[in-house]
Amino acid sequence: MEQHKPPQRRFGPRPATGSRRRRAPVRPRALIIAVCAALLAAALGAGIVSAGEPRARASAAGAAASQAASGSSAPADGGDASAQAAAAPIGDALDARINAIIAANSQYQIGVALVDVSAGADPSDVHEYGVRDAFVAASTAKVLAAAAYYHLVETGAASLADPLGAYTAGFQLKAMIQQSDNDSWSLIMDAVGHEELTRYAASLGVSYVPETNTLTPAEMAGILSGVYSGRLLNAEDTAELLSYMQDTNYETLIPAAVPDGITVFHKYGLLDDELHDAGILAKDGKAYALVIYTKGQDLSDVPERTEVIHQLTQAVAGALF
């Protein structure tokens with residue numbers, strides 16, 4: 001299952017400077033993914049895969065991410081900009097629907113955060129529902145680790161071509177996000193440094209300690225908002241990271257509940273009694289960060305909590321798109 005506290009490893013010092021060199025081709029290895037029908041075995045299999053050859057970047061994701069990072073008003077799906085609809089407000093009716101779903105599932109701890117990240121929206125206007133305290137973030141925190149490493153690349157302190165384990169840092173970033181690989185997570189976190197990761201999170205207004213790996217839903221929504229809007233990284237790195245958050249190894253949470261035509265960039269988390277998904281929903285120039293954190297009894301109620309995540313996602317998508 002997914003780790004929430006990757007084991008510390010020690011490496012030699014990082015180069016003082018680094019270029020934005022892309023990694024050389026690496027030999028593919030077979031992905032080891034336990035495939036089962038719908039329930040617990042599939043969830044567990046998604047959380048323990050080892051690093052395999054990452055899939056190619058989705059061109060649509062790259063285009064949408066580049067537009068988000070550059071502040072372009074072009075629709076994410078490439079449609080006519082003149083046909084864009086104004087972003088729907090997050091209003092009382094949606095607030096009531098989300099709160100009703102949470103109340104109807106009071107046997108679980110559920111925290112939801114929702115932010116309008118469309119161009120011109122206020123990213124500090126975070127709508128919070130249910131539990132607002134910190135959860136063990138599980139693998140959703142891998143997005144923060146990825147952003148921190150890209151930040152080192154952009155400041156010249158690291159390179160995507162740096163060797164990490166048997167592969168390059170660029171390879172490990174993709175495996176960490178797209179395949180949720182925990183070995184890759186450990187390598188990236190150690191390359192960044194735990195103290196540096198805490199400092200980087202603090203610069204975003206996020207309180208994060210790698211050893212405890214806790215985030216509130218609102219903090220996670222803020223991280224997603226910063227990535228999608230291009231406030232954290234340059235356009236190229238923003239596009240690359242978002243492309244890794246599409247077509248992941250576990251698409252049965254938020255992505256499974258959105259209507260056709262909505263693009264989803266997301267990172268799920270599964271650990272013991274924690275089941276989370278944190279994503280961006282985008283269509284026709286409208287975009288929202290949606291974070292759903294849930295804590296149940298144990299892995300046995302993953303199917304029921306998956307259904308709750310579906311209900312919340314459908315409520316948001318139905319009201320805002």
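## The model and its confidence

The model is predicted, so local features need a pLDDT of at least 70 and side-chain atom pairs count only at pLDDT 80 or more, while totals for chains, interfaces and linings use all residues. Residues are numbered from 1 along each chain as its sequence is written, and side-chain values use heavy atoms, with hydrogens and water left out.

The protein chain has an average pLDDT of 82, and 73% of the residues score at least 70; pLDDT is the predictor's confidence in each residue, from 0 to 100. Over residues 3-60 the pLDDT is below 50, and this stretch has 132 contacts in the model beyond near neighbours in sequence, where contact means heavy atoms within 4.5 Å. Over residues 69-84 the pLDDT is also below 50, and that stretch has 23 contacts beyond near neighbours in sequence.

## Overall make-up

The protein chain holds eleven helices and nine strands; helices (H or I, at least four residues) and strands (E, at least two) are DSSP runs, numbered from the N terminus. Of its 321 residues, 55% count as buried, where buried means under 20% relative accessible area, exposed over 50%, and partly exposed in between (1.4 Å probe, protein chains only). Among contacts between residues at least 6 apart in sequence, 69% join residues at least 24 apart.

## Helix α4 and its two partners

Two packed helices are described by the angle between their axes and the distance between the axes. Axes are lines fitted to C-alpha atoms, for helices over the stretch in contact, and angles run from 0 to 180 degrees between N-to-C directions. Helix α4 (residues 142-154) packs against helix α6 (residues 182-192) at an angle of about 45°, with the axes 10 Å apart. The two helices are therefore oblique to each other, given that angles under 35 degrees count as roughly parallel, over 145 as roughly antiparallel, 65 to 115 as roughly perpendicular and the rest as oblique. In this contact, K142, A145, A148, Y149 and L152 of α4 meet N182, W185, I188, M189, A191 and V192 of α6. By class, the contact has nine nonpolar, one polar and one charged residues; Ala, Val, Leu, Ile, Met, Phe, Trp, Tyr, Cys and Pro count as nonpolar, Asp, Glu, Lys and Arg as charged, and the others, Gly among them, as polar.

The axes of α4 and helix α7 (residues 194-203) come within 10 Å and cross at roughly 95°, which makes α4 roughly perpendicular to α7. Here L144, A145, A147, A148 and H151 of α4 make the contact with L197, Y200 and A201 of α7, and by class there are seven nonpolar, one polar and no charged residues.

## Two buried residues

D237 lies in helix α9 (residues 235-244) and counts as buried, at 0% relative accessibility. Its C-alpha atom is 9.1 Å from that of H151, although D237 and H151 are 86 residues apart along the chain.

I90 is in the loop between α2 (59-70) and α3 (92-103), and it counts as buried at 14% relative accessibility. I90 and A319 are 229 residues apart in sequence, yet 8.1 Å apart in space, C-alpha to C-alpha. Leaving aside neighbours within four places in sequence, the contacts of I90 include L114, V115, H127, Y288 and L320.

## Two residues with positive phi

Most residues other than glycine have a negative phi. D247, however, has a positive phi near 50°; D247 is in the loop between α9 and α10 (254-257) and is partly exposed, with a relative accessible area of 46%. D272 has a positive phi near 50°, is placed in the loop between β7 (263-271) and β8 (274-283), and counts as partly exposed at 39% relative accessibility.
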